[in-house]
Amino acid sequence: MKRGELEALIRNEVINIFKSSMGKGPQDTTLKITKNYIILEIVGILMPGEKKLIKLETGHEQVSQMKDSLMDILCQDFIKIIEKILQVKVVDYITKVNVEGNVHRCLFILEDNLEKFIKDSITT
């Protein structure tokens, strides 16, 4: 399978997990596979009420803590999908929620370098 096809397949599954967990889809989702890494960015993670809460004195910290915990749980579901689709183990991940930017970023570290297994769009 080509790199773009794998990225699209995983990206769509991530969006479905996000939608079923959050009740709405993200504004934008980007996923890139390179070497033994998957880089994921989800834009539009905050609900309207959370956007209002972060304007309060202690709201920013509360929303950040809640979103950190929630996105950490969602990353476990993302890992299951990644491992199922790619047939490679995710050995570690780093996740960061930025409530000001309304974005979640995650770096998944894979057991194997996928460069030798996947095709780029320009190859046949």
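How many bridges join strand β1 to β2? In this predicted model, seven bridges join strand β1, which covers residues 28-34, to β2, and the two strands run antiparallel. Within this pairing, I33 stands opposite I38 of β2, and L31 stands opposite L40 of β2. The two strands form a hairpin with two residues between them, and K35, which lies in the turn, has a positive phi of about 50 degrees.

Strand β2, made of residues 37-43, also pairs with strand β4, made of residues 103-110, and this second pairing is again described as antiparallel, over seven bridges. Here the bridge partner of I39 is L107 in β4. As background, the strands of a sheet pair through backbone hydrogen bonds, and the pairing may be either parallel or antiparallel. In the present model the pairing is antiparallel in an open sheet of four strands, whose order is β1-β2-β4-β3. The edges of the sheet are formed by β1 and by β3 (residues 90-98), each of which pairs on one side only. From one strand to the next, the twist averages 10 degrees.

Two helices pack on this sheet. Helix α1 touches β1 and β2, and the direction of α1 makes about 140 degrees with that of β1. Helix α3, in turn, touches β1, β2, β3 and β4, and the direction of α3 makes about 145 degrees with that of β3.

The crossing in which α1 passes α3 is right-handed. On the side of α1, the contact is made by L6, L9, I10, E13, V14, I17, F18, S21 and M22, while α3 contributes K67, L70, M71, L74, D77, F78, I81, I82, I85 and L86.

K67 lies in helix α3, and K67 counts as buried because its relative accessible area is 0%, which falls under the 20% cut-off. The side chain of K67 makes a polar contact with the side chain of E50, at 3.2 Å. When neighbours within four places in sequence are left aside, K67 is in contact with M22, I45, L46, E50 and V97.

A further position considered was G49, which is found in helix α2, a helix of residues 48-53. G49 counts as partly exposed, because its relative accessibility of 42% lies between the limits of 20% and 50%. Between G49 and V103 the separation is 54 residues in sequence, and in space the two lie 16 Å apart, as taken from C-alpha to C-alpha.

Methods. Residues numbered from 1 in each chain as written. Predicted model: local features only at pLDDT ≥ 70, side-chain atom pairs only at ≥ 80, totals over all residues. Heavy atoms only, no water. Left-handed = near helix turned anticlockwise from the far one by under 90°. Contact = heavy atoms within 4.5 Å. Pairing = 2+ DSSP bridges. Axes fitted to C-alpha atoms, helices over the stretch in contact; angles between N-to-C directions. Buried < 20%, exposed > 50% of the residue type's maximum accessible area, 1.4 Å probe, protein only. Polar contact = N/O pair within 3.5 Å; in protein donor to acceptor, adjacent residues only side chain to side chain.
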